[in-house]
Amino acid sequence: MRLIVTSLAAALWLGLAGQVSAQTISYSEAGALLAKSCGKDIEKYCPKVNLGGGALKDCLAAKASKINPQCIADYKAVVASLDARLAAQAAVTKACRGDATQFCQGTAPGNAHYLGCLNAAKKVVSKRCTAAITNAGWN
Amino acid sequence: MTSRIPAGSRGLALAAAVLLASAASGPASAQTALSGNQIIQTMNSAARAAPPGLSAALIRQAVQQHMIDNPGMPITWKPLELLDSLAQVDVQIQFALNSAIIRPESYATIGSIADALHHPVLGGYKFVVTGNTDTTGNRKDNLALSQARADAVVEALTTTYHVDPARVEAVGLGQEALQDVKNPKNPINRRVQLINIGKYLPGK
């Protein structure tokens with residue numbers, strides 16, 4: 001699944017409204033998008049802050065008037081997507097419980113085993129479960 | 001040697017196969033040299049399972065001991081071998097000169113580590129992120145810088161990228177675990193490693 005960067009924000013906002021159908025991007029894609037949209041501004045206006053711990057967010061907010069609007073928009077979209085991905089990861093067990101019972105009997109305990117089964121049974125697994133796995137980044 | 005990988009490796013193999021299939025359908029990011037899927041495969045090696053009881057604190061102790069046991073010039077040192085047998089990947093992260101500020105071009109690489117650590121296949125393991133310098137400059141300063149850099153990567157992983165802080169710790173190795181011992185100033189020695197240090201047992 002590959003999202004076109006310019007449509008990402010729109011896709012995210014639309015997706016979030018529908019919750020289960022939210023489309024999320026990988027952590028790697030999130031980092032790449034931040035670097036692409038904000039890298040120059042970060043090196044110019046926030047050269048002494050790090051990605052983690054809220055420092056970058058605070059600096060971009062403090063310098064907002066100088067930061068290019070695409071960066072601000074993509075930063076928000078990235079944060080929303082990462083939050084949605086985390087929520088999807090937490091929701092997989094519940095969203096897929098019925099499918100696991102129906103299609104994965106006899107699977108050894110452990111999340112990854114069930115995930116392997118559910119991904120292999122993709123054709124018959126419910127849309128709700130498939131969407132949760134997709135948004136979790138586990139397909 | 002006992003295997004530290006849980007029984008039922010068929011499920012794991014299946015999950016890995018599915019991962020590979022999805023990786024083939026489109027690269028997640030052209031800017032990233034190392035993908036989350038590659039990291040998962042490397043980190044999930046049963047043959048390179050960590051000895052029981054290994055911890056970030058023990059590695060830090062071993063680094064201190066290595067500095068005491070190996071005075072003088074790097075060329076005379078016995079390399080720190082504690083981590084050599086473990087499942088690990090070398091990661092190139094670009095930092096600002098002499099600081100622990102991660103350059104934006106490396107945000108995606110740290111994201112790849114997060115992609116791997118978030119995957120259930122690795123959910124039962126804990127990890128250390130190490131920092132390594134070459135031998136340019138002062139040995140103690142290098143240790144401090146490498147710890148600060150590893151800390152910065154772990155902070156990005158556990159805040160921006162939501163990795164569970166109970167599963168990943170930062171360890172500065174300074175210039176004690178050189179990759180190119182014969183050429184201690186070789187820039188290849190400057191690197192961050194992700195290392196699987198064994199089973200994650202919540203509450204322990």
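Here are some questions and answers about a predicted model with chains A and B.

Q: Which residue is the bridge partner of B:Asp90 in strand 4 of chain B?
A: Strand 1 of chain B pairs with strand 4 (residues 191-199) of chain B in the antiparallel sense, over 4 bridges. In strand 4 of chain B, the partner of B:Asp90 is B:Gln193.

Q: Is helix 2 of chain B parallel or oblique to helix 4 of chain B?
A: The axes of helix 2 (residues 36-43) and helix 4 (residues 107-118) of chain B come within 8 Å and cross at roughly 55°. Because of that angle, helix 2 of chain B is, relative to helix 4 of chain B, oblique.

Q: How many nonpolar residues are in the contact of helix 2 of chain B with helix 4 of chain B?
A: The crossing of these two helices of chain B is right-handed. Helix 2 of chain B contributes B:Gly36, B:Ile39, B:Ile40 and B:Met43, while helix 4 of chain B brings B:Ser112, B:Ile113, B:Asp115 and B:Ala116. By class, the contact has 2 polar residues and 1 charged residue, and the nonpolar ones number 5.

Q: Is B:Leu117 buried or exposed?
A: B:Leu117 lies in helix 4 of chain B. Leaving out residues up to four places away in sequence, B:Leu117 touches B:Leu122, B:Phe127, B:Leu157, B:Val163, B:Arg167 and B:Val168. Since 20 or more C-beta neighbours within 10 Å are needed, the 27 that B:Leu117 has make it buried.

Q: How far apart in space are B:Leu117 and B:Gly137, C-alpha to C-alpha?
A: In sequence, B:Leu117 and B:Gly137 are 20 residues apart. In space, the C-alpha to C-alpha distance is 33 Å.

Q: Why is helix 6 of chain A largely enclosed by the rest of the structure?
A: Helix 6 (residues 127-136) of chain A has 10 residues. Among its buried residues are A:Cys129, A:Thr130, A:Ile133 and A:Asn135. Just after this helix, A:Gly137 takes a positive phi of about 85°. Helix 6 of chain A is largely enclosed because the number of its residues that are buried is 7.

Q: What percentage of the 139 residues in chain A is buried?
A: Chain A has 6 helices and 0 strands, and its elements run α-α-α-α-α-α from the N terminus on. Of its contacts between residues at least 6 apart in sequence, 57% join residues at least 24 apart. The buried share of chain A is 43%.

Methods
Residues numbered from 1 in each chain as written. Chains lettered and ligands numbered in written order. Predicted model: local features only at pLDDT ≥ 70, side-chain atom pairs only at ≥ 80, totals over all residues. Pairing = 2+ DSSP bridges. Buried ≥ 20, exposed ≤ 12 C-beta atoms within 10 Å, placed from the backbone. Axes fitted to C-alpha atoms, helices over the stretch in contact; angles between N-to-C directions. Parallel < 35°, antiparallel > 145°, perpendicular 65-115°, else oblique. Left-handed = near helix turned anticlockwise from the far one by under 90°. Contact = placed C-beta atoms within 7 Å. Nonpolar A, V, L, I, M, F, W, Y, C, P; charged D, E, K, R; others polar.
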